[in-house]
Amino acid sequence: MDSPMCLVENADGELHVVPGAIKYLMGLNQQVVVVAVVGLYRTGKSYLMNKLAGKRQGFALGATIQSKTKGIWMWCVPHPEKRDHTLVLLDTEGLGDVEKGDSKNDAWIFSLAILLSSTLVYNSRGTIDNQAVENLQYVSELTERIKVNSSSAASSSHDDEEGGDAQFVQFFPNFVWTIRDFTLLLEIDGRNVTEDEYLEHSLELRKGGGKKNLMYNLPRECIRNYFPSRKCFVFPTPTTPANMPHLDSMDEADLCGSFRKVADTFCCFIFQESRTKTVKGGHKVTGRMLGHLVKTYVETIAKGSVPCLENAVLAMAQIENQAAVDEGQAVYQRGMEEVKALFPVAMGQISAHHLRSDHQATQAFMKRSFKDENGDFLKALAVAIAKHYADLLIQNEDASEKKCVALLEKLSVPMAQKIKEGIYATPGGYELYCSHHDNMVAQYRAEPDKGVRAEEILEQFLRDKSLEKNSILQADKKLTENEKKIHEEKERSAVLEQEKKAAEEKRLEMERTMEDDRRSKDEKLKQMEEKMKEEMKQQERDFHRALECKMQEQKDLLEKGHKEKADLMRQEIEEFKNSNKPEKEGGGFLESTVMPVLRLGLDAANTFFQYKLMRGAFMK
């Protein structure tokens, strides 16, 4: 993407997605790292995003008191350090714009930035004083504007979210506070401190009750609870006040050296520490999936509802999983085109192509699908592949029949001509007929690549020719009646032997088809089990990360003497543990509950059944 484009338009206080931006995301199949910047208007947010993009210009900087960015703008660039990842930069409309004067609209912009990003950069100016913290008032409203579980999406009560703030911690982005035009010394009580220590000191809670302390602590508690992973950068003034309006056109070398050093450190941190965007369940997000999320969240807000992480993921899973089925089918069909062009082929050849293409199709499905908890979409793919394979088996049989019939017709022309000429209507003619007939059959058998119906078509041909053969036998004056009976019995035995060969040919084909079904099912079960186990591991990693953060927060509260708050935190931690028990049952839960259902469903994806259905074997 050469330059930023508007992703979410903010017109007259209403949010709308921009179709062109969604279309761009839908074509982006790489996983994404999403960095969003929020903050008061005219605080220099856009400069930071241009710096992350590696460009001097891009997001509008502006040099007046008016806010330049409206809505949410997006810039997708190759990630400088994560291979096969795209860095998505989201520059949001400045909060507190006096021309807009709509705090509710600001709150939704802030909420969207949190929902869409893997790292949230809050940009402010001056120092982290009480006013700077209070400007983050939207943090204290997050539970009213974002729900984790669908069961509580219709309610505005924070208590409905089982596990409390810990549920949000699993899915919220890392938090980075950037302070611009910082002119103070990094000292606390005469002691030098780091930027992070400065931030933590600013977020310390006051002891005691009372409305004043409650109001002071509320935004700080929210920041501590929702964003346990916090980082701070303090930027000195980049240039003289006279040059500030021309910041976007100035060379980097003309900026203050200490400012450039902090900016470079900030960029390195973002590039190295920002995680790939994930959604509830630990699933990594691609550009295409991000496009679905943007649409879902903005449309939900436009309807006056509260965005729900679980509902958004379920809606996205339905779309992505159906697309995964379609992609798997396309991979399978492309894989079978090569062997289809060679029809007729032996059963072993089409079987080998089928198993290879089926494996590739399942891999393609697994790569794109997620949250297919009952395996319904995998079953849909298996059924689609079984139907396509059954259809190809029939096409291969038909091609074999066509080739074999044409070959026998061609080989029997000389004998038909001799019959017309009466060559076999003489004493000893039957012996000559049999010699020519055996030679024709030998030529037929010697012909390669006749396909899977070679014996069956030969059996039909011999049965059709038996009347002609018997007529020549009975007309041969050279043979006695006893010799004729011996030849008749010999002919019946030959026809029966050919019937056995045709039946064996059919049996082997069906056995191979059923073996293919078994191997295909085993392969799908294996890949699905591996995928589900990895998803469970990711969920457990997210759970432990959130748990460790909350336990550290509880420890900090105890050390600072906030025993009552620490006790509440302990209770919340216990609720969080209990609410996550199903995810922690691991392989036992998977093997006892999920896999049996999936096995049963895949049994329906039966090529043999589909084949018989297409051949009309079940029709009366």
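First, the basis of what I present. This is a predicted model, in which local features need pLDDT of at least 70, side-chain atom pairs count only at pLDDT 80 or more, and totals for chains, interfaces and linings use all residues. Residues are numbered from 1 along each chain as its sequence is written, and side-chain values use heavy atoms, with hydrogens and water left out.

Let me turn to the sheet. Helices (H or I, at least four residues) and strands (E, at least two) are DSSP runs, numbered from the N terminus. Strands count as paired if DSSP finds at least two bridges between them. Eight strands form an open sheet of mixed pairing, in the order β2-β1-β4-β5-β3-β6-β7-β10. At its edges stand β2 (14-17) and β10 (230-234), each with a single partner strand, so one side of each has no neighbour in the sheet. Neighbouring strands are turned by 20° against each other on average, direction ignored.

Strand β3, residues 31-39, pairs with β6, residues 119-125, in the parallel sense over five bridges. By contrast, β1 (residues 5-11) pairs with β4 in the antiparallel sense over three bridges, and C6 stands opposite W73 in β4. The pairing of β1 with β2 is also antiparallel, over four bridges, with V8 opposite V17. The hairpin of β1 and β2 has two residues between the strands, and D12 takes a positive phi near 55° there.

Across β3, β4, β5, β6 and β7 lies helix α2 (residues 45-53), running at about 170° to β5. Axes here are lines fitted to C-alpha atoms, for helices over the stretch in contact, and angles run from 0 to 180 degrees between N-to-C directions; contact means heavy atoms within 4.5 Å.

I close with the helix pairs. Helices α12 (residues 347-368) and α13 (residues 376-420) pack at about 160°, their axes 11 Å apart. They are therefore roughly antiparallel, a term for angles over 145 degrees. The contact residues include M347, I350 and F365 of α12 and F377, L378 and L381 of α13. These contact residues divide into twelve nonpolar, four polar and one charged; Ala, Val, Leu, Ile, Met, Phe, Trp, Tyr, Cys and Pro count as nonpolar, Asp, Glu, Lys and Arg as charged, and the others, Gly among them, as polar.

Helix α11 (residues 309-340) packs with α12 at about 155°, with axes 8 Å apart, which makes α11 roughly antiparallel to α12.

Definitions and conventions
Parallel < 35°, antiparallel > 145°, perpendicular 65-115°, else oblique.
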